[in-house]
Amino acid sequence: MNSSLKMVVVLGLIAFISAGLLAGVNYWTAPIIEENAQARLNATFSRVIDADEFVEPEEETEFFLRIAKKGGAVVGYVVRLTGQGYSSAGIDILVGLNTEAEVQGVYIFSHSETPGLGDRITDPAWLSQFKGKGIDDPIASGTDVDAISGATSSSTAVIGSVRRAVQFVGGYLGLIEETEIDFAQIPDGTYTGTGRGFGGDVTVEVTFANGELTKVVIVSHNETAGVSDPAIEAIPKAMVAEQKIQVDTVSGATMTSEAIIAAVKDALKEFGGAGPAEPIDIGSLLPGTYTGSAKGLKDDITVEVTVSGGRITKIVVLSHDDTPEYAEPAFAFMIDQIIETQDLEEVDFYSGATFSSEGLLNAVKNALRSQVKLDISGLPDGVYVGEGEGFHGITRVSFRMVSGELKDLEVLEHNDTPEYANKAFATLIPAITEAQSLEVDLASGATFSSQGLLDAIMDAIKKGPVLDVSQVPDGVYSGTGEGLFGGLQVEVTVSGGKITDIVVVDHQDTPEYASLAIDGITKAILDTQSLDVDVVSGATGTSRGLLEAIEAALKSAVQ
Amino acid sequence: MSILQELKRGIFAENPTFRLMLGMCPTLAVTTLAVNGVGMGLATTAVLLGSNLVVSALKNVIPNQVRIPSFIVIIATFVTVVSLLLEAFAYSLYEALGIFLPLIVVNCIILGRAEAYASKHSLGKSALDALGIGLGFTLSLTVLGAIREFLGAGTVFGLQVLSESADMATIFSLPPGAFITLGLMMALINGLTARRGKRSVARRNPAVAKREG
Amino acid sequence: MELFMIFFGAIFFNNFVLNRFLGICPFLGVSKRIETSVGMGMAVAFVMTLASVMTWLLQGLLLNPLGLGYLQTIVFILVIAALVQFVEMFMQKVSPTLHKALGVYLPLITTNCAILGIAILNIDYKYNLVETIVHSLGAAIGFTLALVMLAGIREKLEINDVPDAFAGVPIALITAGILALAFSGFVL
């Protein structure tokens, strides 16, 4: 045989046989190696939560997530995520959480922080401070957890990662309602809030106009210059551009981004987005029409709700996108029910069209939480007094409602420059009386005085009518109120449109203090012929009960 | 030569570590613990045995010009097999040996034995040679590992020898300790053999012994 | 920053010879004279960088896509052996002077575990190509540095009175131990 051919053949054969042998050994050992690797990973997971099985969730998740089971029952979750410490390689962290999204254990999987400094984040004693932290905890250095001095950036990265893990599992379990705030319901104005960033509090000012987010300004912050700049630059712009709060964070400045988002949320917290909204008190709603929308089966359902005399009197569906043959009977059922029960909390849904039913209910709720289109004619009769903020100070107004008509609107007091203010009042008062509406053009050149007047009227409407004794027919009326220690009963004598006598028939309060209140309040009311009197200090409980009783007595007279 | 003599040759006269000074990298690197020394030694012995057997069996087939590449392929194959088996069945050892497991390929001992011995001797002799040299290597690594483990951590094969509170010379568990321990051991063996050599000369020649006193 | 850390890490606190024990055989064998040490260092630096790039490409383009990770050792060592052969032939043709200077060290390099070691480490550390090159250069410089330092000390030791038992490798090892101690000081 040719020697060079032999060389090639022999070498080739050796290589071929060894490759085949290796393929065989690999085929045999690969599943065992894989299984071992899995077992080791599970052993690592067991360091952060007491469980014996770790299952991959079926759906795709934002972070690496394993569902921890013990004896087949779900006992919690393991989240693996990377925090940005001092080294660019990142800190690989495992967080174990129970089914309430409370931290069970934290383990640093791997890191390349400086030995002797940053690597102190692996100290079990320090990591144990996270145990029990949940979605209601801030998990921020200096508040409920501590950073490691000398290793601030490494330890802050760990703290941030734990917080993210808690929020993530909280969201995964539906413990955190990630409802976007409905901008349409936010009244125009500027709101301030703070969020915790890398270096401390970040304060923002958020401005709304016509239901749109128009401006986000970072008023103050303590973030690292340079590192945080991209977030400070981009996040407010993104919020305004996308008209939402939960915008994407800026990589490399995650903490600052999250702080800005948290600050904006904080500024708008009264408009929902965090926690369930307060139930609506229908009885205290101003008369008028309210519009609002909420998601139905397919798209938004928009409704117009009419309120009059503290009751929902009419609900009209303005637009919806649900299948009419299912949705319309549901709407009719829901509207009838709401108007009949005047209750938005205990509500039955129309079977077979739950989404449309719930959508309508939410639309009604959203409507009633939004600003009213005031219907003055729905206001009860009586005298109204209110205050508003003018240019230089308080503006006080009064007006009367007679059979649904606004009359005798007058400015009782104001501190604005007469030259401008008088011009404003002279234009606005006839205009409002004429239109029987507050939707009038503001007097040009005196917008502040005009706004003060409108605010004062709004305030008066919100307060409701004050008692007008002159309208009370003669007689003796009795009423009850709640004193400091129990019921309190009075008899009020009205004669010739004036309160002539107030007698406390019964009370449970300590006599020496109670008599102070009774004497003081009685004298003041008789003198001023008004219930708008100061309570007697040292006997406030009795004073309030007494005023309540007198008011009740006079109201019974009017009705 | 008897089987026993053949084995003794590898352990003493041709001890790869202290006599031939081959395979120094793994010797220094993995001997932080005695058990790692045993593991590395046995893994190397297994590869050596395999490659010696195959090389000896194929000594008449492999053309002289491609003998080195052929040997390398054969050695690398056995190294990979051993590495896969360790990963599957002895993971902690696999992890402790780390990069030095694939690096058995370039351990001069193995290629050296294939070239200098197995390619010229019969199967049986090559196997005995591999076992002798392998055992010698294992023994050296184990002793070195035991000494470093004792000095550095106060344990031997993981057993607590000194009180746990004893202040140990951690330096012996670290790289500098590897160099120093091996250097001192080599000097010790050199010194001992030098004396023994003199003594055996003296036994054979009483005149010399008398002169030396 | 990252590249800087990889580079200086490989030279100092992760010095290939003194901390990772890679390339001990040439370290003890060739470190008797400074001149030969420099030659060996250059040859290693050259082959190391070239081999790293080639094995990195092979792993990324061939072994990983085909799921042949278990053939890594065998493929890498063959590539390195072939590369060393090729470099030697190429050098002889193109620059006989360079070949005269470095040629004698090249055959030794095939079995230098530092070369295979860095090829595997680059894959283990999941370095990208640039990081691989920087890491290899750093490792080669670190190797040369350790080699030249030891050679310098050994040249001095030779004219000193060393006990017979310590002569040669034992004293070299102890010296290396003290050097390693000094290099581990770079950690903090």
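User: Is B:Arg113 buried or exposed?
Analyst: In this predicted model, B:Arg113 has a relative accessible area of 10%. Buried means under 20% relative accessible area, exposed over 50%, and partly exposed in between, with a 1.4 Å probe and protein chains only. The 10% falls under the cut-off, so B:Arg113 is buried.

User: What kind of model is this, and what do its values rest on?
Analyst: Residues are numbered from 1 along each chain as its sequence is written, while chains are lettered from A and ligands numbered from 1 in the order in which they are written. Side-chain values use heavy atoms, leaving out hydrogens and water; local features need pLDDT of at least 70, side-chain atom pairs count only at pLDDT 80 or more, and totals for chains, interfaces and linings use all residues of what is a predicted model.

User: Where does B:Glu14 sit, and how many residues separate B:Glu14 from B:Arg113?
Analyst: The side chains of B:Arg113 and B:Glu14 meet in a salt bridge (a side-chain nitrogen of Lys or Arg within 4 Å of a carboxyl oxygen of Asp or Glu). B:Arg113 belongs to helix H6 (residues 108-118) of chain B, and B:Glu14 to the loop between helix H1 (3-13) and helix H2 (24-29). Helices (H or I, at least four residues) and strands (E, at least two) are DSSP runs, numbered from the N terminus. This pair links distant parts of the chain, and the separation is 99 residues.

User: How far apart are the closest N and O atoms of B:Arg113 and B:Asp129?
Analyst: Side chains of opposite charge can pair when their charged atoms come close. B:Arg113 and B:Asp129 are both buried. They form a salt bridge, and the closest N and O atoms are apart by 2.8 Å.

User: Which helix holds B:Asp129?
Analyst: B:Asp129 is the partner of B:Arg113 in a salt bridge. The two lie 16 residues apart and link distant parts of the chain, with B:Arg113 in helix H6 and B:Asp129 in helix H7 (residues 123-153). The helix asked for is H7.

User: Which residues are joined into one network by salt bridges that share partners?
Analyst: B:Arg113 bonds in this way to B:Asp129. Shared partners extend the set into one network. Its members are B:Arg9, B:Glu14, B:Arg113 and B:Asp129.

User: What is the relative accessible area of A:Asp408?
Analyst: A:Asp408 forms a salt bridge with A:Arg400, at 3.0 Å between the closest N and O atoms. A:Arg400 is partly exposed because its relative accessibility is 31%. A:Asp408 is partly exposed too, with a relative accessible area of 46%.

User: How many salt bridges does the whole structure hold?
Analyst: One of them joins A:Asp408 and A:Arg400. A search over all chains gives the total: 15.

User: Which residues of chain B are in contact with A:Thr29?
Analyst: A:Thr29 lies in helix H1 (residues 3-45) of chain A. Its relative accessibility is 0%, so A:Thr29 counts as buried. Contact means heavy atoms within 4.5 Å. Leaving aside neighbours within four places in sequence, the contacts of A:Thr29 are B:Leu84, B:Leu85 and B:Ala88.

User: Which residues does A:Ser449 contact?
Analyst: A:Ser449 is placed in helix H9 (residues 447-463) of chain A. With 5% relative accessibility, A:Ser449 counts as buried. Beyond neighbours within four places in sequence, A:Ser449 is in contact with A:Asp416, A:Ala421, A:Ala424 and A:Phe425.

User: How far apart in space are A:Asp336 and A:Lys314?
Analyst: A:Asp336 is in helix H6 (residues 324-341) of chain A. A:Asp336 counts as exposed because its relative accessibility is 53%. A:Lys314 is 22 residues away in sequence, and the C-alpha to C-alpha distance is 9.2 Å.

User: How many helices and strands does chain B have?
Analyst: Along the sequence, chain B follows the pattern α-α-α-α-α-α-α-β-β-α-α. Buried residues make up 50% of its 213 residues. The count for chain B is nine helices and two strands.

User: What share of the residues of chain C count as buried?
Analyst: Chain C has nine helices and zero strands. Among its contacts between residues at least 6 apart in sequence, 76% join residues at least 24 apart. Of its 188 residues, the buried share is 51%.
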